[in-house]
Amino acid sequence: MTLTLNHYLLVSGLLFTIGFAGVMLRRNIIIIFMCLELMLNAANLSLVAFSRFNVGADGLPNFNAQVLTFFIITVAAAEVAVGLAIIVALYRARQTTHVEDINSLKF
Amino acid sequence: MNPILFWLFSILMLGFGISVVANRNPVASALSLVVSFFCLAALYVGLDAYVLASIQVVVYAGAVMVLFLFIIMLLDLKAEVRRKFNRLAIGGGAVVAIGFAAQLLGVLGSHPRGDQPFPALKLAEGETLSDLQKVGETLFSQHTLPFQVIGVLILVATIGVIVISKRELK
């Protein structure tokens, strides 16, 4: 059996689904944040699979997709730093990381 | 990539991904996420993206996850106490996730080139893929502006984190 593009896209989509279900189901804000990372990585996996699939005229993968993945990883690292700082500030103010305890804006 | 290795690492990655969602203890979730990221790096190696695999290990499995564990231990989070389940959230989450997976299968079934195998790379005799050089060339010749914008973004994020974590917010 040879591997096709669909195998990678399926795995990437399932990883995204797991992350999405985690964001919907979990109530701990740090776990929700980890599930966001899972979703970003699922998108990265499909980008790298497309990069390897689209072999150009020079017989090499399409490196634009890999550069885009590099940018996504960079932005995700910055996002994690800022997000965790916000979580720490929130914990200091409320002593909780449980999203149901943070309902000041709830109607 | 050898299909056996592909399935091994895919199943490990998805299994530890489920473990991230299912674990009640945040430290166990974070460690599962590390393993999941390592398996993803192995999949990158199978796709001939060696640079991205090493960046994945260094940045994600290294820096980002150390940050997560650091915050979890700093806040001293215990395992989540069992609360009353919010039926609406669980039902909604399951429905949306299953709907998304079904949609995914439908799209993959109708994707015209999806069932073709990966084309072979054309490399000279005895040559290995020098993707670090190629990614660098692409990054610095075609994507110079985004690269500089990313630099500014990281600077802004650094300053923002310092401002947010200062004790007295005026």
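Predicted model: local features only at pLDDT ≥ 70, side-chain atom pairs only at ≥ 80, totals over all residues.
A word on conventions: local features need pLDDT of at least 70 and side-chain atom pairs count only at pLDDT 80 or more, while totals for chains, interfaces and linings use all residues. Residues are numbered from 1 along each chain as its sequence is written, and chains are lettered from A, with ligands numbered from 1, in the order in which they are written.

**The two chains**

Let's begin with the folds. Chain A has 3 helices and 0 strands, and its elements run α-α-α from the N terminus on. Helices here are DSSP runs of H or I with at least four residues, strands are runs of E with at least two, and both are numbered from the N terminus. The radius of gyration of chain A is 18 Å, well over the 13 Å that the globule rule gives for 107 residues, so chain A is more spread out than a compact globule. That radius is taken over C-alpha atoms, and the globule rule is 2.2 Å times the number of residues to the power 0.38.

Chain B contains 6 helices and 0 strands, in the pattern α-α-α-α-α-α along the sequence. Its radius of gyration is 21 Å, well over the 15 Å that the globule rule gives for 170 residues, so chain B is also more spread out than a compact globule.

The table puts further values for the chains side by side. A residue counts as buried if 20 or more other C-beta atoms lie within 10 Å of its own, exposed if 12 or fewer, and partly exposed in between, with C-beta atoms placed from the backbone. Two residues are in contact if their C-beta atoms, placed in that way, lie within 7 Å.

| Property | Chain A | Chain B |
|---|---|---|
| Box filled by C-alpha atoms, along the principal axes | Chain A: roughly 55 × 30 × 25 Å | Chain B: roughly 60 × 40 × 25 Å |
| Buried residues | Chain A: 45% of 107 residues | Chain B: 22% of 170 residues |

**Where the chains meet**

The contact takes 62 residues from chain A and 69 residues from chain B. On the side of chain A that touches chain B, the elements giving two or more residues are α1 (5-25), α2 and α3 of chain A. Of these, α3(A) gives the most, with 22 residues. By type, that side of chain A divides into 43 nonpolar, 16 polar and 3 charged residues. Ala, Val, Leu, Ile, Met, Phe, Trp, Tyr, Cys and Pro count as nonpolar, Asp, Glu, Lys and Arg as charged, and the others, Gly among them, as polar.

One helix pair is worth a look. The axes of α2 (residues 29-53) of chain A and α1 (residues 3-22) of chain B come within 10 Å and cross at roughly 155°. That makes α2(A) roughly antiparallel to α1(B), a label for angles over 145 degrees. The contact is made by Met34(A), Cys35(A) and Leu38(A) of α2(A) with Gly17(B), Val20(B) and Val21(B) of α1(B). These residues divide into 5 nonpolar, 1 polar and no charged.

Finally, Lys106(A) is found in the segment after α3 (63-94) of chain A. Lys106(A) is exposed, with 6 other C-beta atoms within 10 Å. Lys106(A) and Val75(A) are 31 residues apart in sequence and 30 Å apart in space, C-alpha to C-alpha.

Terms used
Axes fitted to C-alpha atoms, helices over the stretch in contact; angles between N-to-C directions. Parallel < 35°, antiparallel > 145°, perpendicular 65-115°, else oblique.
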